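Subject: Handover of a structure and its description

Dear colleague,

Please find the structure below, followed by an account of what was found in it. I would be grateful if you kept it open while reading.

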Amino acid sequence: MTRQIVLDTETTGLSAEGGDRIIEIGCVELVARKLTGNNRHYYLNPERDSHEDALKVHGISNEFLRDKPKFVAVADELMDYLAGAEIIIHNAAFDVGFLNKELELAGRAPLRSFVGSVTDTLVMALSLIHI
């Protein structure tokens, strides 16, 4: 049976390479395209403040995140959960870039080492526009 994980992140800004970090990860599992209820959700301490524009998007305050775990504390659990699944992400390049940067900082292999594949719904949507 096909196992799919719909995944989304929120971040402190737009540039993983520029030092922005993940502050929230949400995952919803589907097996045979049916919701299983086996979902994951994490708020993370990014060890930096969010940019003002990012705060306007996600509304997650810097104060709220201060006592949350750091990415490294949830990395193994998250990668075990994602292992072998098709990951479905809207604008995958953004989220995968951030996840790979967090994994690098945590001394872990990149996302492609854990997951079966990544499907980008943004690319799918753009291709449908041209039908």
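Strand E2 is largely enclosed by the rest of the structure, because 7 of its 10 residues are buried. Here, buried means under 20% relative accessible area, exposed means over 50%, and partly exposed lies in between, for a 1.4 Å probe and protein chains only. Strands (E, at least two residues) and helices (H or I, at least four) are DSSP runs, numbered from the N terminus.

Two remarks on the source are needed before the details. This is a predicted model, in which local features need pLDDT of at least 70 and side-chain atom pairs count only at pLDDT 80 or more, while totals for chains, interfaces and linings use all residues. Residues are numbered from 1 along each chain as its sequence is written, and side-chain values use heavy atoms, with hydrogens and water left out.

The strands

Strands are said to pair if DSSP finds at least two bridges between them. E2 runs antiparallel to E1, and 9 bridges join them. Within this pairing, leucine 7 has cysteine 27 of E2 as its bridge partner, and glutamine 4 has leucine 30 of E2. Glutamine 4 also has a bridge partner in E5, namely glutamate 86; E1 and E5 run parallel and are joined by 3 bridges.

E2 is also joined to strand E4 (residues 40-43) by 4 bridges, and these two run antiparallel. Glutamate 24 stands opposite tyrosine 43 in E4. A further antiparallel pairing, with 2 bridges, links E2 to strand E3 (residues 34-35). There, leucine 30 has leucine 35 of E3 as its bridge partner.

E2 and E3 form a hairpin with 2 residues between them, and alanine 32 in the turn has a positive phi of about 55 degrees. Arginine 33, in the loop between E2 and E3, has a positive phi of about 65 degrees although it is not a glycine. Arginine 33 counts as exposed, at 67% relative accessibility. Glutamate 47 lies in the loop between E4 and H1, and its phi is likewise positive, near 60 degrees. Its relative accessible area is 52%, so glutamate 47 is exposed.

The nonpolar core

In soluble globular proteins, nonpolar side chains tend to be buried together. A nonpolar core is defined here as a set of buried Ala, Val, Leu, Ile, Met, Phe, Trp, Tyr and Cys residues joined through side-chain atoms within 4.5 Å. The largest one has 26 residues, and those with the most contacts inside it are Ile25, Phe71, Leu78 and Leu82. At least two residues of this core come from each of E1, strand E2 (22-31), helix H3 (71-82), strand E5 (86-89) and helix H4 (92-105). H3 gives the largest share, 7 residues.

Contact, in what follows, means heavy atoms within 4.5 Å.

On a 1 Å grid over the protein atoms alone, a pocket is an open set of points where a 1.4 Å probe fits, with protein on both sides within 12 Å along at least five of seven lines; lining residues have an atom within 4 Å of a point. The largest pocket has a volume of about 250 Å³, where volume is the space filled by probe spheres set on grid points joined across faces, edges and corners. Its lining includes Asp8, Glu10, Thr11, His58 and Phe94. E1 and helix H1 (52-58) are the elements that give two or more residues to this lining.

Glutamate 10 lies in strand E1 (residues 3-11) and is partly exposed, at 22% relative accessibility. Its contacts beyond four places in sequence are Arg21, Ile22, Ile23, Glu24, Val57 and His58. Threonine 11, also in strand E1, is buried, with a relative accessible area of 6%. Threonine 11 and glycine 97 are 86 residues apart in sequence and 11 Å apart in space, C-alpha to C-alpha.

With kind regards
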